[in-house]
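Please keep the structure in view while reading the points below.

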Amino acid sequence: MKFGFDIDDTLINLREHAFHIYNRKLQQNIGLDVFHALTTMEIHEAFGLTKEEGGKLWMSLRDDIYYSDCAPFPHAREFLHELVKQGHEVYYITARAKEHTERTREWLIQNGFPVTEGHFYCGMSDTEKVHIIEALELDYYFDDKPSVLATLSQLPVKAYVKDRSYNRQLDLPRITSWEQFMEELKSK
Ligand SMILES: [Mg+2]
């Protein structure tokens, strides 16, 4: 079967990683309780920044956020390797900007994710993901972003939401633990 994955905040804990970088950069010490209570994908509110200030800060730190030591979610890598081992196909579909395609692909490989030639898609808009997912005829797709998941309801793909503080209102099958999901899938 074909499994497609968003990367940021689906497979890797990017926003929390960025949250620590913001704290360092802004010489603050905002607690993770604030992070976990955020109802927005953007993290700038926790630092008292406007949308514009937050956007500027994110852009100025983007390389550091993307290519330093962001942690994968527990068992995300193991799950993907297990899928490959069982003969399934693993695809990555990330809306990171096009200029980050090669470095993001390299980062995944260097950080132990299984990346097959031709199975990595980067640089589309959120609303374009649906076309790739449809063309690939994915059986499963995983994402954290409500606006992306909302575009998939007409497709036969089994869509799952990776549980995050800003997507709790979504009524879709939910991944709270990759390890648990891996076990669930085995028993199907
Ligand atoms: Mg994401």
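Val161 stands opposite Arg174 in β6. That pair belongs to a contact between β5 and β6, which pair in the parallel sense over two bridges; two strands count as paired if DSSP finds at least two bridges between them. This is a predicted model, in which local features need pLDDT of at least 70, side-chain atom pairs count only at pLDDT 80 or more, and totals for chains, interfaces and linings use all residues. Residues are numbered from 1 along each chain as its sequence is written.

**Overall form**

- The secondary structure of the chain comes to eight helices and six strands; helices (H or I, at least four residues) and strands (E, at least two) are DSSP runs, numbered from the N terminus.
- Along the sequence, these elements follow the pattern β-α-α-α-α-β-α-β-α-β-α-β-β-α.
- The C-alpha trace of the chain spans about 45 × 35 × 30 Å along its principal axes.
- The chain has a radius of gyration of 16 Å, which agrees with the value near 16 Å for a compact globule with 188 residues. The radius is taken over C-alpha atoms, and the globule rule is 2.2 Å times the number of residues to the power 0.38.

**The sheet**

- Six strands form an open sheet in the order β3-β2-β1-β4-β5-β6, with parallel pairing.
- The edge strands are β3 and β6 (174–175), each of which pairs on one side only.
- Helix α6 (residues 129–136) packs on this sheet and touches β1, β2, β3 and β4 (140–143). The direction of helix α6 makes about 165° with that of β2; axes are lines fitted to C-alpha atoms, for helices over the stretch in contact, and angles run from 0 to 180 degrees between N-to-C directions.

**Strand pairs from β3 to β1**

- Strand β3 (residues 120–122) runs parallel to β2, and three bridges join the two. Phe120 in β3 is the bridge partner of Tyr92.
- Strand β1 (residues 2–5) and strand β2 (residues 89–94) pair in the parallel sense over four bridges.
- Within β2, Tyr92 is also the bridge partner of Phe5, while Tyr91 is the bridge partner of Gly4.
- β2, helix α5 (residues 101–110) and β3 make a right-handed β-α-β unit. A crossover is called right-handed if, with the strands pointing away from the viewer, the path from the first strand over the helix to the second runs clockwise.

**Strand pairs from β1 to β5**

- β1 and β4 pair in the parallel sense over three bridges. Here Gly4 stands opposite Tyr141 in β4.
- β4 pairs with strand β5 (residues 158–162) in the parallel sense over four bridges.
- In β5, Ala159 is the bridge partner of Tyr141, and Tyr160 stands opposite Phe142.

**Domains and their contact**

- The chain is divided into domain 1 (2–12 + 71–186) and domain 2 (14–67); the bounds come from an automatic or database domain assignment.
- The C-alpha centres of domain 1 and domain 2 lie 23 Å apart.
- Eleven residues from domain 1 and eleven residues from domain 2 take part in the contact. Two residues are in contact if their C-beta atoms, placed from the backbone, lie within 7 Å.
- On the side of domain 1 that touches domain 2, the residues divide into four nonpolar, three polar and four charged. Ala, Val, Leu, Ile, Met, Phe, Trp, Tyr, Cys and Pro count as nonpolar, Asp, Glu, Lys and Arg as charged, and the others, Gly among them, as polar.
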